[in-house]
Every structure is written in C-alpha cells, then in structure tokens.
Amino acid sequence: MDHILPDELVALARRVVEANRAAGRTIALAESCTGGLVSAALTEIPGSSDVFGSGYVTYSNEAKIGMLGVSLDVLDTFGAVSIAVAWAMARGAQERSGADVAVAITGIAGPDGGSEKKPVGTVVFARAEKDGDSEDVVADKREFGNLGRAGVRLQAALVALELLMPGSSPP
C-alpha cells in the first residue's frame with residue numbers, strides 16, 4: 001500500500017510539495033475541522049519535510065488561543081467559523097512556524113453543529129504569507145453543503161492544498 005488517503009488528495013499534495021520545493025518556499029497549516037487531514041496528505045509524500053515543517057491541529061477554541069494566539073475577543077465576537085478567526089489562525093501558524101506561507105481551515109463538517117447562518121458544510125480558509133501586510137486579509141468562506149462529514153473534510157482539504165500552491169489566487 002503506497003498511501004492510506006484518497007488518491008485525489010495525495011496527488012494534489014504531491015503537486016503542492018513539488019511546486020513549493022521548486023519555488024523554495026516553506027509551508028505550514030492551522031487545521032480545525034480537517035483535524036490534520038491536510039498535514040497527513042502532505043506527509044504521505046516522500047521528501048515533504050523539504051517544504052512542510054509545521055501543522056497545528058487546533059480543534060478547540062482553547063487550542064486556537066494557546067497554540068496560535070487567536071484572541072478570545074475575536075472568537076467571542078465572530079465565532080470559530082469566521083474569516084476573522086481563520087485569518088488569525090493563518091497568521092499565528094505563519095508567525096510561530098516561520099514558514100513562508102500558512103493556510104488555515106475552520107468549519108462545520110457535521111453532522112451536527114450547523115446553524116441557519118452557518119450550516120453544516122460551511123468552511124472558512126485563510127492564507128498568510130511571510131512579510132505580508134497584516135491588514136491585507138486573504139480569506140474566504142465556502143459552502144460545500146451537507147456532503148457528509150468525510151465529504152466536507154475532503155473538499156476542505158483539497159481547497160487548502162490549492163491555496164498552498166505558489167501563485168495561487170486568493171480563495
């Protein structure tokens with residue numbers, strides 16, 4: 001067995017590792033609803049340590065605060081599934097890891113936890129770059145719909161990997 005994750009996820013992770021190696025960039029992740037899935041996909045690739053040094057799984061608000069420096073005020077004001085929190089997660093991962101670029105993922109994979117304003121399948125992404133303008137927020141919210149827990153997590157992981165590609169456009 002070469003890998004344990006879905007082929008499309010591993011194939012994209014391979015492209016991310018190769019492209020970032022060629023660009024001389026290092027990457028980091030801050031994952032919530034994906035629970036380390038993106039990090040796992042990257043580490044399926046031999047030699048991924050050339051570009052991938054840190055992945056933070058911050059499933060709880062306490063972990064987001066303690067590991068990434070997300071403000072309790074931001075969490076209380078906007079909620080864990082928000083552009084403000086995703087951006088703070090990405091900045092925290094980039095600053096703490098020293099990576100050239102960091103991507104954050106936070107969302108509601110289901111089957112429970114959704115609301116009218118943030119239904120199951122809502123996922124927010126953010127990307128922070130070293131020496132980037134902290135006022136220039138690169139983040140977006142996606143509504144994948146209720147694809148089932150695994151489906152939402154897979155789609156979120158694929159989007160996060162795309163955001164790690166050099167030259168990728170904002171989410």
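Student: Which residues does Ser 48 touch?
Tutor: Leaving aside residues up to four places away in sequence, Ser 48 touches Val 17, Arg 21, Leu 42 and Thr 43, where contact means heavy atoms within 4.5 Å. This is a predicted model, in which local features need pLDDT of at least 70, side-chain atom pairs count only at pLDDT 80 or more, and totals for chains, interfaces and linings use all residues. Residues are numbered from 1 along each chain as its sequence is written, and side-chain values use heavy atoms, with hydrogens and water left out.

Student: And is Ser 48 buried or exposed?
Tutor: Ser 48 is buried, with a relative accessible area of 7% (buried means under 20%, exposed over 50%, and partly exposed in between, using a 1.4 Å probe and protein chains only).

Student: New topic: how many salt bridges are there?
Tutor: The structure holds five, a salt bridge being a side-chain nitrogen of Lys or Arg within 4 Å of a carboxyl oxygen of Asp or Glu. One of them joins Glu 95 and Arg 91, at 3.4 Å from N to O.

Student: Where do Glu 95 and Arg 91 lie?
Tutor: Both are in helix α5 (residues 83–97), four residues apart, which is about one turn of the helix; helices here are DSSP runs of H or I with at least four residues, numbered from the N terminus. Arg 91 is buried at 13% relative accessibility, whereas Glu 95 is partly exposed at 49%.

Student: What about Arg 127, which partner does it have?
Tutor: Arg 127 forms a salt bridge with Glu 129, with the closest N and O atoms 3.4 Å apart.

Definitions and conventions
Helices (H or I, at least four residues) and strands (E, at least two) are DSSP runs, numbered from the N terminus.
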